[in-house]
Amino acid sequence: MRNECNIVKDLLPLYIDGAVSEDSRKLVEEHTAICESCGRERREMMLALPENAERHVEQDVLAKAARKLRRKHMLRGMLLTIAGLVLGVLLFLGGERLHNELWWTPRVPVSLEDYRISLSLLKDGRLSCRGTASEYEGSFLFWHTSSGPDPSGDGYILNIEVLEPLLVDRSKGQHRDWWERSGLTMKDGKIYDYKGDQVTTITRTGPGGQTEVLYQYGADDSRILPASEEMEEYYRLDDEIELCHELLDVSTSLWREFDETLPILAVLGYDRQAVDDHASELLQQRYKVEATVPEWQ
């Protein structure tokens with residue numbers, strides 16, 4: 001085998017140049033196929049040929065170009081994905097803003113004849129200032145209040161305006177809409193807001209600045225009438241519902257501060273589910289009573 005290796009190594013330069021006989025060529029190929037050392041020397045000599053070296057360089061260039069092209073496609077795909085996500089978010093936000101602009105922002109004043117406002121004094125001194133639009137053909141109406149100082153300097157003027165979106169879904173048919181100004185009380189013939197400031201005048205405005213005075217201190221309070229028994233019952237139920245909600249809010253905050261395994265509700269002496277069920281029952285009762293209040297019909 002050693003002698004054969006020496007013979008093959010001597011023949012390799014001639015083999016590479018193609019200057020050996022057919023028998024010598026077979027000998028070199030058969031030997032290099034089984035001899036690792038001679039086979040490696042043959043491959044190295046073959047790669048050293050100018051045409052093979054040029055081909056090897058060309059393959060490296062093509063491989064690098066392919067890798068570069070793959071990276072370029074991957075980067076382009078990532079950019080397209082990111083651009084698609086950004087575009088989707090922008091379209092969503094733009095569509096939502098357009099919806100708000102078309103359906104909520106453009107509003108027009110509702111005619112004074114299309115709604116009315118009742119001023120009712122409860123036994124506990126609260127003043128119910130509630131607007132009602134009976135069978136108004138619109139899905140949305142907005143109760144808007146604004147205030148300004150009274151020229152006399154004694155308090156401020158409360159103005160009420162009801163607005164309707166320009167684009168209204170009227171497919172739902174006729175329905176009832178109402179609004180309420182809360183926090184008003186009456187004492188010694190004067191109306192106060194929740195901050196204790198006096199409301200000297202209550203007005204409402206319509207299209208074209210049309211104005212109606214509902215109340216003016218010292219001049220006319222004939223629009224303020226004692227609340228009916230049905231209204232008193234409505235607000236009694238409303239107060240009890242609010243108390244239940246406050247109790248549930250307190251229990252929720254306590255549960256967050258203590259471990260849930262601690263029977264904190266039992267310590268407080270009430271059952272959360274029972275309070276929730278009671279509030280639901282009161283809510284159903286309030287709905288029924290609300291339909292019987294004569295001032296709001």
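Author: A salt bridge, as the word is used here, is a side-chain nitrogen of Lys or Arg within 4 Å of a carboxyl oxygen of Asp or Glu. Please keep in mind that the model is predicted.

Reader: Thanks! How do you know that R40 forms a salt bridge with E36?

Author: The closest N and O atoms of R40 and E36 are 4.0 Å apart. The cut-off is within 4 Å, so the pair counts as a salt bridge.

Reader: What separates R40 and E36 in helix α3?

Author: About one helical turn, because R40 and E36 are 4 residues apart in helix α3, which covers residues 36-47.

Reader: Which residue forms a salt bridge with R204?

Author: The partner of R204 is E212, and their closest N and O atoms are 2.6 Å apart. E212 also forms a salt bridge with R223, where the closest N and O atoms are 3.1 Å apart.

Reader: Why is R204 called buried?

Author: The relative accessible area of R204 is 8%, and buried means under 20%, so the word applies. E212, at 23%, is partly exposed, as is R223 at 32%.

Reader: How many salt bridges does a search of the whole structure find?

Author: The search finds 13. There is also a network of salt bridges that links E22, R25 and E29.

Reader: Which residues form the positive surface patch?

Author: The patch is made of R67, K68, R70, R71, K72 and R76. K68 lies in helix α4, residues 50-103.

Reader: What makes K68 exposed?

Author: Its relative accessible area is 59%, which is over 50%, so K68 is exposed.

Reader: Which residues gather in a patch of negative charge on the surface?

Author: D271, D276, D277 and E281 do. E281 is found in helix α7, which runs over residues 272-290.

Reader: Which residues have the most contacts inside the largest nonpolar core?

Author: They are I117, L119, I191 and I202, in a core of 23 residues. The elements giving two or more residues to this core are β2 (116-121), β3 (127-136), β5 (156-165), β9 (198-205) and β10 (211-216). β5 gives the largest share, with 4 residues. As background, nonpolar side chains tend to be buried together in soluble globular proteins.

Reader: What is the phi of D188 near?

Author: Phi is near 55 degrees, a positive value, and D188 is a residue other than glycine. Most residues other than glycine have a negative phi. D188 lies in the loop between β7 (185-187) and β8 (190-192).

Reader: Is D188 buried or exposed?

Author: D188 is at 71% relative accessibility, over the 50% cut-off, and therefore counts as exposed.

Conventions: Residues are numbered from 1 along each chain as its sequence is written. This is a predicted model: local features need pLDDT of at least 70, side-chain atom pairs count only at pLDDT 80 or more; totals for chains, interfaces and linings use all residues. Side-chain values use heavy atoms; hydrogens and water are left out. Patches are made of residues with over 30% relative accessible area and no salt bridge: like charges are joined within 9 Å, nonpolar side chains (Val, Leu, Ile, Met, Phe, Trp, Tyr) within 5 Å. Accessible areas come from the Shrake-Rupley method with a 1.4 Å probe; for residues, only the protein chains shown count as cover. Lys and Arg count as positive and Asp and Glu as negative; His and the chain ends are not counted. The place of a charge is taken as NZ of Lys, CZ of Arg, CG of Asp or CD of Glu. Buried means under 20% relative accessible area, exposed over 50%, partly exposed in between (1.4 Å probe, protein chains only). A nonpolar core is a set of buried Ala, Val, Leu, Ile, Met, Phe, Trp, Tyr and Cys residues joined through side-chain atoms within 4.5 Å.
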